[in-house]
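Open the model in a viewer and keep the selection tool at hand. The stops below go from the whole chain to its parts.

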Amino acid sequence: MKSKYQVAKNVFLDSIDISDYIELDSSTKAYTQLKHSIEKPLKMILLFGRPGTGKSILLNRLQDKLKYQKEIHYFATPAITEKEFFRKLFKVLTKKDLPHSTEVNFSALVDFCKELRGEREIIILLDEAQMYSGEIMEKIRLLSDSRAVKFVVALHQTDDEELIAKEHFQTRIWETIELKNASREELTVYVHKKLLKRNLFDIADSIKENNMKLIHTFTKGNYRECNKLLFTLFEICEYYDENDSSKLNESHIPQRLIEMAGLKLGYIHV
Ligand SMILES: Nc1ncnc2c1ncn2[C@@H]1O[C@H](COP(=O)(O)OP(=O)(O)O)[C@@H](O)[C@H]1O
Ligand SMILES: [Mg+2]
């Protein structure tokens, strides 16, 4: 028989499947803010936060929710080259494929966008924007000046990229929405809701307050790190379930197992 821990483990596989989206206070707040911002005559909106704070899943959620009401497009990762990026953008804007060997004429694209003003309003969600070059970002800004295209730019905040964010984007961004790591309460809601969504009531119940305290300490409330830790924790539980169930406690996850998972992932050292 398949161990229930195996099912629990797979709940925490890292994914940005919108059907797995969970309403959390902070994500709901950011979602509402984002939705509100794109209604305003803003040209660029910045979605900012450390890796693993839920930017991609939020952009996907926004796209999914608004796709029947608005022209809204999600660009997951930057194209390899500037040329490809503008081809992709060309297709979205003109609804036409560019003949294969042809390059996008950028100033013609800007003119095209100016013509669209008042006619169409296109929203482009640019994920992983820290990977776009300064030249591309400059061109994106020129396109957004047409006011026919709005950009939501999701940017990873890391210590040295904070600088890039300041210098490069500061004068061009009109509104900033920030996602942060979760508080202990919020992380608890996240973990429980994820398990309950798959009907894993007993397991959800067995994760107690002291367990969550340790999980929060190890992961600092980062959702991706939390996924990794719980995946590893349930992998360990699965192993004991099959080999030595005396190490398990059905009603309360032993702290020791969370420590083992933390050790394996390098959160603590022996
Ligand atoms: N509101 C949420 N609902 C469900 N899962 C979430 C939510 N926020 C974050 N996550 C989880 O956290 C992980 C990291 O989120 P992601 O959007 O990839 O972060 P980022 O793009 O900021 O690096 C995702 O794989 C997802 O499982
Ligand atoms: Mg992401």
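Domain bounds here come from an automatic or database domain assignment. For the protein chain, that assignment gives domain 1 (4–16 + 182–264) and domain 2 (25–179). Residues are numbered from 1 along each chain as its sequence is written, and chains are lettered from A and ligands numbered from 1 in the order in which they are written. This is a predicted model: local features need pLDDT of at least 70, side-chain atom pairs count only at pLDDT 80 or more, and totals for chains, interfaces and linings use all residues.

Colour the chain by pLDDT, the predictor's confidence in each residue, from 0 to 100. The protein chain averages 91, and 94% of the residues score at least 70. Helices (H or I, at least four residues) and strands (E, at least two) are DSSP runs, numbered from the N terminus. Where pLDDT is low, the predicted coordinates should not be read in detail.

Next, select the two domains in separate colours. Their C-alpha centres lie 35 Å apart. Seven residues of domain 1 are in contact (C-beta atoms, placed from the backbone, within 7 Å) with ten residues of domain 2. H11 gives three residues to the side of domain 1 that touches domain 2, the largest share.

Now select ligand 1. Which residues are closest to ligand 1? They are Ile22, Gly54, Lys55, Ser56 and Tyr223, in a shell of 19 residues; a residue counts as near if its C-beta atom, placed from the backbone, lies within 6 Å. Helix H3 (55–66) and helix H11 (223–243) each supply at least two residues of this shell. Ligand 1 lies between domain 1 and domain 2, because both give residues to the shell.

Move on to the open sheet of five strands, with parallel pairing and the order S2-S3-S4-S1-S5. Two strands pair if DSSP finds at least two bridges between them. Strand S2 (71–75) and strand S5 (175–179) are the edge strands, each pairing on one side only. Inside the sheet, select strand S3 (residues 122–126) and strand S4 (residues 149–156), which pair in the parallel sense over five bridges. Leu125 has Val152 in S4 as its bridge partner.

Note on methods. Contact = placed C-beta atoms within 7 Å.
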